[in-house]
Amino acid sequence: MTEAVSKVIRTEEYQLSMGPVHPSTHGVLQILLTLDGERVVKAVPCMGYLHRGIEKLMESRNYFQCMPYTDRLDYVSAMNNDFAYCRAVEKLAQLEVPERAQYIRVIMAELNRIASHMIFIGSLAVDVGATTGMIYPFRDRECILDIFNELCGARMTYSYIRIGGVKSDLSVKVIDMINVFLKNLSAMIDEYNDLLTGNEIFQHRLKNTSVITAEQALQLGLTGPMLRASGVNYDLRKDNAYSSYEDFIFDVPLGNSGDNWDRYIVRMKEMRQSAKIVKQALDGLPEGSVMAKVPKVLRPPKGEVYVTTEGPRGEVGYHIISDGTVKPYRVHIRRPSLINLQALDLMCRGYLVGDVVVAMSTIDPILGEVDC
Amino acid sequence: MHSGLLVMTADMLSNGIDSLIGNTLITQFIMVILEIVAIFAVISVAVIIQVYMERRVCGFIQDRLGPNRVGPFGILQTVADMIKLMSKEDIIPAKAERVLWGITPMLLFIPAALVYAVFPFDDGAIFTDLNIGIFFVLAVMSQSVLMFLIGGFASENKYSFIGGMRAVAQMLSSEIPMAFSIMAVVMVTGSLKMSTIVAAQSGTWFVFIQPLAFIIFIISMTMETNRTPFDLVEGESEIIAGPFTEYSGMRWALFFLAEYTNLLTAAVLTTTLFLGGWQGPVLPGIVWFIIKVFLMIFVFMWIRWTFPRTRIDQMMGFSWKILLPLALFNIIATGIGVYIYNWMY
């Protein structure tokens, strides 16, 4: 509002509580918006509507019994959470995971990453208003869920990756299904590109909105695609390779301007890279056992570990303190969604109401993980 | 004089009533009532068909089935929905301005239905052939913005409030390019009368003479009917449902009715102004009219289910900075064209 007008007409800022019941808050997130007309002055995310006390619950369960809780943190990429937790416990108990299990873990984590990014594309599309853009990725995600269903009988909460390895070996049918999926994936991504990426309106909505510079991203502690979209080359799969990731050749897609568009493109590109990793892992799958020798009663020695894994949303970290008993003394989980959500105020300030939902969508928070 | 199927039916009917009653005045009165009933019947039936069609088209585009459970091919789904909406509890927000809030859905339907008075459905089948027909349509259609604003304010809900403000901004931005694109058609015809505009297209449809005006008209009509990519007033993922947020049950159904009546209006206007109205070979006029109208409705649905939503500033920028200059340019070009045409012949 210009000076001359504001002298005549008195304007007032107002509060708008967006959520927890709102079509596009990705669950039960509440955003307290302070608005000047349609322009956002301040955006405060309020969480806690889905708090279940998982960290505390884990203290009263033994290490094996904690597995189902990790599934329910980030429920659209449960494999990656199990993966992170198992790696932390294995490091604590000094267990050596067989190489075949490591490869299978990589395959499943990357497939789950693709599924998670498909959810991202779908929810971004529907937040931008393209209802059809939502249906196609969700339809294709079913293929991955079918693979997981065949693999372990579950579609959302797998608990397939276990402490010391994986639950069972890959069956021939699963390998066939993965191969068929990999063959079709390229066509699927092309379809999203036709429907969304090339669309003029979609580009206008995403480009130059909610810009985060590399410096700001680092200060906020962002990780994952959020950080890489700002141009910071940081991917734990490369920088701190674990579970045989060093065996695979893949690129880390980077953005340069850190706007919503880059966050979208980075994830689109990551899907192809993940498919590349899965293909390499399937082709080079070593023979051997899929489970290490894990004692029936696991009593890790006294001490503490902090292990990080690259999840689809960023760095999933597990800080576990053991007091030598069967139960963990304390578990702290670094949830990437929670930490990435800090950027919301920065991403919304000065933009319009329509940009708030897009900004939130490109953060891609999963409320199960935010509230823990 | 007129040879349309509808007019012949109406003549037969009026002759029949006349021979029964024997008073011309009463016959005319009965015929007017019948015509009004007919228009409302057309609107209601068309809305029911459109709602079903929208779902099936949407399902087709989104690679799924759409409604297919109630009745054969799900054609009774709309009826089932109507029953459900009518049986819902009528929730009135505690802080709402009761009277204004209550009459808004009903008021919204009036301008939506009123414009049908001047639409030529067939040869001679026009309720009142006003000499300012198209001007009347524009004037009446722009009234609906008031209801959005009143509904948005009276709901005492911030989402509704934003939606109401958006409605004003959007309608203002869309009406002006629309009016100018229609003006080009009027210049070619030399009349504001709907029947003359249709008659002028007996040779060539205006979509071929005025392609630019046609495109501008389609875009601004999408804005006018609040459909994606310009469904900012509803903006589901942003402001829930805009001015309709607090309405439920039958009141919401009235909004829905008005919305689809407006969509039908958009299709009928496009058909009348650019696609030759009821004119076409072999088949009767009314059949051609229905074919063209539903083709246009399909196009609008196709647009809706393909594109994302624009942002309010982008939409207004597009409207004022691109559509309006283009429409003005079109008027100048048309003026020169008409002048040269008159000079040559």
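**Reading a predicted two-chain model**

Reader: Of the contacts in chain B with a separation of 6 or more, what percentage joins residues 24 or more positions apart?

Author: Such residues account for 77% of those contacts in chain B. For chain A, the corresponding figure is 71%. Please bear in mind that this is a predicted model.

Reader: How many helices and strands does chain B have, and how many does chain A have?

Author: Chain B has 14 helices and zero strands. Chain A, by contrast, contains 16 helices and eight strands.

Reader: What share of the residues in chain A is buried, and what share in chain B?

Author: A residue counts as buried when 20 or more other C-beta atoms lie within 10 Å of its own. On that basis, 51% of the 372 residues in chain A are buried, and 43% of the 345 residues in chain B.

Reader: Which residues touch the most other members of the largest nonpolar core?

Author: In soluble globular proteins, nonpolar side chains tend to be buried together. Here the largest nonpolar core has 114 residues, and A:L344 and A:V356 touch the most other members. Helix α5(A) gives this core its largest share, 17 residues. If residues up to four places away in sequence are not counted, A:L344 touches A:A43, A:P45, A:A359, A:M360 and A:I363. There is also a second, separate core of 73 residues, which includes B:I219, B:M223, B:I297 and B:A327.

Reader: Is A:H117 buried or exposed?

Author: A:H117 lies in helix α5 of chain A. It counts as buried, because it has 27 C-beta neighbours inside 10 Å. Beyond its neighbours within four places in sequence, A:H117 is in contact with A:R267, A:E270, A:M271 and A:P312.

Reader: Why is helix α10 of chain B described as largely enclosed?

Author: Length may be checked before surroundings. At 1.5 Å a residue, the 14 residues of helix α10 (residues 211-224) of chain B should span 20 Å, and its end C-alpha atoms are 20 Å apart, which agrees. Ten of the 14 residues of α10(B) are buried, so the helix is largely enclosed by the rest of the structure. Among the buried ones are B:F214, B:F217, B:I219 and B:M223. Their cover includes α5 (133-141), α7 (158-189), α9 (206-209), α12 (249-274), α13 (285-304) and α14 (312-344) of chain B. Just after α10(B), B:N226 takes a positive phi of about 55 degrees.

Reader: In which loop is B:F230 found, and which residues does B:F230 touch?

Author: B:F230 is in the loop between α10 and α11 (236-239) of chain B. B:F230 is buried, with 30 other C-beta atoms within 10 Å. Not counting residues up to four places away in sequence, B:F230 touches B:Q170, B:T222, B:M223, B:T310 and B:M315. Of these, B:T222 and B:M223 are among the buried residues of α10(B).

Reader: Finally, how many residues of chain A are in contact with chain B?

Author: 24 residues of chain A are in contact with 24 residues of chain B. On the chain A side, β1 (14-18), α5 (99-128), α6 (131-152), α8 (200-206) and α15 (353-363) each supply at least two residues. By class, that side has twelve nonpolar, eight polar and four charged residues.

How values were computed: Residues numbered from 1 in each chain as written. Chains lettered and ligands numbered in written order. Predicted model: local features only at pLDDT ≥ 70, side-chain atom pairs only at ≥ 80, totals over all residues. Contact = placed C-beta atoms within 7 Å. Helix = DSSP H or I, 4+ residues; strand = E, 2+ residues; numbered from the N terminus. Nonpolar A, V, L, I, M, F, W, Y, C, P; charged D, E, K, R; others polar. Expected span 1.5 Å × (residues − 1). Buried ≥ 20, exposed ≤ 12 C-beta atoms within 10 Å, placed from the backbone. Core = buried A, V, L, I, M, F, W, Y, C linked by C-beta atoms within 7 Å.
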